[in-house]
Amino acid sequence: MLKDITFGQYFPGDSVIHKLDPRMKLILVIAYIIMLFVADGLLPLLVGAGMVVLFYALSKLPWKLIIKCIKPILPIVIFTAVLNIFFVEGDPIFEWGFISISGKGVLTAVLMCIRIICLIAGSSLLTYTTTPIALTDGLERLMKPLQKIKVPVHELSMMMTIALRFIPTLIDETQKIMSAQKARGADMESGNIIQRAKALIPILIPLFVSAFRRADELALAMECRCYHGGEGRTRMKQLKLTAKDWIAALVVAGGFAAVILINIYGPGVFRL
Amino acid sequence: MAKKKNFIEANRISFSYPSYDGVIPPLVLDGVSISISEGEFMAVLGHNGSGKSTLAKHFNAILIPTEGGVSVNGINTAEEAKLFEIRQEVGMVFQNPDNQIVATIIEEDVAFALENLGVPPEEIRERVDDALKKVDMYEYRLHSPSQLSGGQKQRIAIAGIIAMRPKCVVLDEPTAMLDPKGRREVMKTIKQLNEELGITVVIITHYMDEAAMCNRVAVVDDGRVIMDSTPREVFGKVDAIKERGLDVPQVTELCHELKKEGFDLPACVLSEEECVAALESLLKGGAQNG
């Protein structure tokens, strides 16, 4: 059923990766993405790919998940590769009519593919191993300094939490409304796009009305529980950085250093 | 019994919602006076639109009366500085369990009020576990609300309130959206709150058998409290209650009708057991006479 979808694609587990502090995971993923773009040759990118493989192995998630997360972006990967192959200029190694392919083009295409795949695999690992609520929590705490420049950090994360909380409820409700409208003879499966879009109106309107009513009641219930914004609020769960987190940070820092070193001193093969 | 201290005191309160376009809105509450003492288990009855929910919302300063005043534990609800103090003392549970749960994990939701109040983390943990155990939902603490039944969700909502350790809990039709099983669970929990923890309970309900469980029943009609007494006395006036568009518990009605037909039964029967006993003695008596 629709509501069984875990939003954010979290896969429960008990591995080291699952237990890392969400803040550290967020920072490391950002560092990793930067690293992928710093790497300018095949060798440093392989270091990056190796790191993703290592972290997946540690997370004990089924390997097919990597394939699952790459599948939807495959068209983009292929598109980028094709563009690079045909449009990067350099010494041609193949010419046919107006088409010319350069060695540099092929190399750029390969590097780009590895980069995108690593990027998606790496960031998916974050959502696979972190519950949405932990992620929101981590974000709130990471962005706390921004509160000084009047960014409503607490409000944003509260909104995220409530949105996450109500997704299954609203999906449930949508199904109920759809059944109710079908029982009244609504036709949602036939016709062209415009007709189908129109058929959605009798579903969306009751859904919105009920969402507003829910919001109203929720606000009242929150008030009854003394909610008054982020000021003076404490949290039950405290995030603590442990040895695990620092080791993970060291591993990523090591990878980053290796990439920079190879960039500077590494052999000149397969480089741009 | 010595009269206990009045915990909530409403003194001739009137209330009307703000007017639009200069139209004078009708009074939802019209000079209601009611006092609730500590440890009471009270039901408020009334048909839709009678003002019973509006009355309940005055007990924890969600609404402030337009006339008259409400005091909770000696604090006037109109005092804005003491707002959180009042809401901490008088918790409120609503009808739809789905619309009261804020967080995606049960224990986080129960912790919500305490986090708002700025309680230190270790103490929150302790009080959350304690509240979950009291409503018998401790083993579900890491579940997501969408995995629970309506009755379970409503018990979580109650846990979220009692984690604040209030002296009084006001429940606005807490069982209206539940199936019979969920209703029994929730009523059992509510009864426990009152009997074991000594929490004052005010329950607004449409179910007469729930009202019969209480030790005080108030009937609200047209913004006024028209009856306020023990369930036995209130439900004893079957005809007066029916006139107001309300019902009495089924067993009460059965015995009332039988009595009208000339059978010798007690004036007011509230529970099934009582009814069975009364009918049994009637039948036995009848057998002896015949």
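## Start with the domains of chain A

Colour chain A by its two domains: domain 1 covers 7–143 + 239–265 and domain 2 covers 149–224, with bounds that come from an automatic or database domain assignment. Their centres, taken over C-alpha atoms, are 35 Å apart. Seven residues of domain 1 and eight residues of domain 2 make the contact (two residues are in contact if their C-beta atoms, placed from the backbone, lie within 7 Å).

A word on what you're looking at: this is a predicted model, where local features need pLDDT of at least 70, side-chain atom pairs count only at pLDDT 80 or more, and totals for chains, interfaces and linings use all residues. Residues are numbered from 1 along each chain as its sequence is written, while chains are lettered from A and ligands numbered from 1 in the order in which they are written.

## A crossing of helices

Next, select residues 22–38 and 132–142 of chain A, which are helix 2 and helix 7 (helices are DSSP runs of H or I, at least four residues, and strands are runs of E, at least two, numbered from the N terminus). They pack at an angle of about 75°, with axes 8 Å apart; axes are lines fitted to C-alpha atoms, for helices over the stretch in contact, and angles run from 0 to 180 degrees between N-to-C directions. That makes the pair roughly perpendicular, a label for angles of 65 to 115 degrees. On helix 2, show A:P22, A:R23 and A:L26; the residues they meet on helix 7 include A:L135, A:D137 and A:L139.

## Step back to A:L20

Now pick A:L20, in the loop between helix 1 (16–19) and helix 2 of chain A. Is A:L20 buried or exposed? A:L20 is buried, with 26 other C-beta atoms within 10 Å; the cut-off for buried is 20 or more. Leaving aside neighbours within four places in sequence, A:L20 is in contact with A:K25, A:K244, A:D245 and A:A248.

## Across to chain B

Which chain B residues touch chain A? There are 33 of them, in contact with 26 residues of chain A. Select helix 2 (83–89), strand 6 (90–93), helix 3 (106–116) and helix 4 (121–134) of chain B: each supplies at least two residues of that side. Helix 3 of chain B gives the most, with six residues.

Finish on B:V44, whose contacts beyond four places in sequence include B:L55, B:V202 and B:V220.

Definitions and conventions
Angles under 35 degrees count as roughly parallel, over 145 as roughly antiparallel, 65 to 115 as roughly perpendicular and the rest as oblique. A residue is buried if 20 or more other C-beta atoms lie within 10 Å of its own, exposed if 12 or fewer, and partly exposed in between; C-beta atoms are placed from the backbone.
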